[in-house]
Amino acid sequence: MDTLPEYKRMTPALRDRFERLKKRPVILECRDVVKEFQNGGGSTRRVLDKISFEVHNREFISIIGPSGCGKSTLIRLIAGLETLNGGDILLDKVPVTKPGAERGMVFQKYTLFPWLSVLRNVMFGLECAGKDRDTADYMARQWLDIIGLEKYANYYPCQLSGGMQQRVAIARALAPQPRVLLMDEPFGALDAQTRTQMQNYLLEVWKNVDITILFVTHDLDEAVYLSDRILALRANPGKINEIIEVPLEHPRTQEMILSAPFQATRRRLDELINPHRATMKNEFKIINMVGADHNF
Ligand SMILES: Nc1ncnc2c1ncn2[C@@H]1O[C@H](COP(=O)(O)OP(=O)(O)O)[C@@H](O)[C@H]1O
Ligand SMILES: [Mg+2]
């Protein structure tokens, strides 16, 4: 009899896949990462406390956790946009101290330059990485082709839908061929249908491009659907609660969402992120006091 919880049960083929994943080279390593911010009164508040994990080449890792637990702070530290108060972040064994071309970033808010055309937006990162104008133009057009927006090269961001703008943002981040793609709730502002399309689109890009992805989301279904592994954080201070290996094969399909392993993993994440749910019954007593009729 298998005594493992359902979300940890795997077929031999899946177990094998995770064993192989662990043998891949480590691209990114966080060792005892600490981040503190100053409070108004001059005291300090520890937001991230001794976060340690490793990301292997070509993995897709999601970071989830309650609002304010430090997900964005963690990803900004890895991007080199914030400074550490303790520990180390190593990319290909080199400490991260500032932003660099090896790390592409996509945020929730549409961050395309509104005054530049779609083509120019994608060229921007390439020119920053030192490519001359002709090379950048050629490579950017190739990327627009990959994301299926070659016809929109001369459009401006405001002329595109939200989903199309995020596709351009992904192309812009990937064009300089970073080692790691850092994404902070990139589909958070999209409607449900576009979000599903973008998730499938991202998985397709990930399959075809040599890239490792670190993806922040607060959407549990999104985390399970996309990831190899999920880092579940807890808040105050932000710590790793559990690292979950998602017991699903690739490629992912919409049918998997209804499967037992998917739902068991989602339930586990819910327990980790919303531990107070178990005590919520007490709160409902207030409603009972107003004398609602339970027999309707
Ligand atoms: N620049 C800053 N100065 C002070 N506090 C900050 C700063 N950035 C984030 N914080 C605080 O750090 C905590 C974690 O924030 P954040 O990383 O944005 O959380 P999440 O992305 O998980 O919602 C929050 O309490 C937030 O208010
Ligand atoms: Mg955030």
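Which exposed residues does the face of α4 turned away from its buried side carry? They are D134 and Y138. Here exposed means over 50% relative accessible area, buried means under 20%, and partly exposed lies in between (1.4 Å probe, protein chains only). Helices (H or I, at least four residues) and strands (E, at least two) are DSSP runs, numbered from the N terminus.

The model is predicted: local features need pLDDT of at least 70, side-chain atom pairs count only at pLDDT 80 or more, and totals for chains, interfaces and linings use all residues. Residues are numbered from 1 along each chain as its sequence is written, chains are lettered from A and ligands numbered from 1 in the order in which they are written, and side-chain values use heavy atoms, with hydrogens and water left out.

Helix α4 comprises 14 residues, 133–146. The buried residues of α4 are A136, M139, A140, W143 and L144. They cover an arc of only 145 degrees around the axis, so they sit on the same side of α4. The arc is taken from the directions from the helix axis to the C-beta atoms. These buried residues pack against α3 (118–128) and α5 (162–174), where contact means heavy atoms within 4.5 Å.

After the helix comes G148, with a positive phi near 75 degrees.

The structure holds 24 salt bridges, each a side-chain nitrogen of Lys or Arg within 4 Å of a carboxyl oxygen of Asp or Glu. One of them joins R46 and E36 at 3.0 Å, N to O. R46 belongs to strand β2 (residues 44–56) and E36 to strand β1 (residues 26–38), so the pair ties together parts that are 10 residues apart in sequence. R46 is partly exposed, at 35% relative accessible area. E36 is also partly exposed, at 24%.

R46 also forms a salt bridge with D49, with the closest N and O atoms 2.8 Å apart. D49 counts as buried, at 12% relative accessibility. Elsewhere, E82 and R76 meet at 3.2 Å, N to O. E82 is partly exposed at 22%, and R76 is partly exposed at 28%. Salt bridges also link R15, E19, K22 and E245 in a network.

Technical notes: The expected span of a helix is 1.5 Å times one less than its number of residues.
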